[in-house]
Amino acid sequence: MIFDHRFLSGIRVGANVGVLIREGTRLGNVRAASEFTYAADLGYRFGGISGSTEIGAELNGGIGLVKANAEENPLEAFLFLRHEPSPE
C-alpha cells in the first residue's frame, strides 16, 4: 500500500507498507526470512510544487514475520537532496 501527497506549498509526505516474501536463510547469527516492510518520508520542495530542488528525510525498516532478535529488524534513516535539471 502506498500513500504519497505533494502540497502546493512544496511539502511532500509519503508512506508505504508491504510484505517481502522470501525463503529463510542464515548468515552467522542473523536469520533472514519473510518480513513486513515499511517506509515514510517527508520533503520540502523549494519554490512550491513547480520548484526543482527538494530536501527531506526518509525512514525504511522491516519486521520479521518469524521470531527475530533486534539485529534482524533493520531500521535506516536517510537525508536527501534531489534536483530535477529538466521538467521532463
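1. Two strands count as paired when DSSP finds at least two bridges between them. With that in hand, take one bridge in this predicted model: I55 has L81, in β7, as its bridge partner.

2. That contact belongs to a longer pairing. β6 and β7 run antiparallel to each other and are joined over 9 bridges. In general, strands of a sheet pair through backbone hydrogen bonds, in a parallel or an antiparallel way.

3. Next, the empty space. A probe the size of a water molecule, rolled over the atoms, shows where such space is left. The largest pocket has a volume of about 150 Å³.

4. Its lining draws on several strands. β1 (2-6), β2 (11-20), β5 (35-46) and β6 (53-64) are the elements that give two or more residues each. β2 gives the most, with 4 residues.

5. Which residues line the largest pocket? They are F3, D4, R12, G14, A15, N16, A39, A40, D41, E58 and N60. By class, the lining holds 4 nonpolar, 3 polar and 4 charged residues.

Definitions and conventions. Residues numbered from 1 in each chain as written. Predicted model: local features only at pLDDT ≥ 70, side-chain atom pairs only at ≥ 80, totals over all residues. Heavy atoms only, no water. 1 Å grid on protein atoms, 1.4 Å probe; cavity = no way out; pocket = protein on both sides within 12 Å on 5 of 7 lines; lining within 4 Å. Points joined across faces, edges and corners; volume = space filled by probe spheres on them. Nonpolar A, V, L, I, M, F, W, Y, C, P; charged D, E, K, R; others polar.
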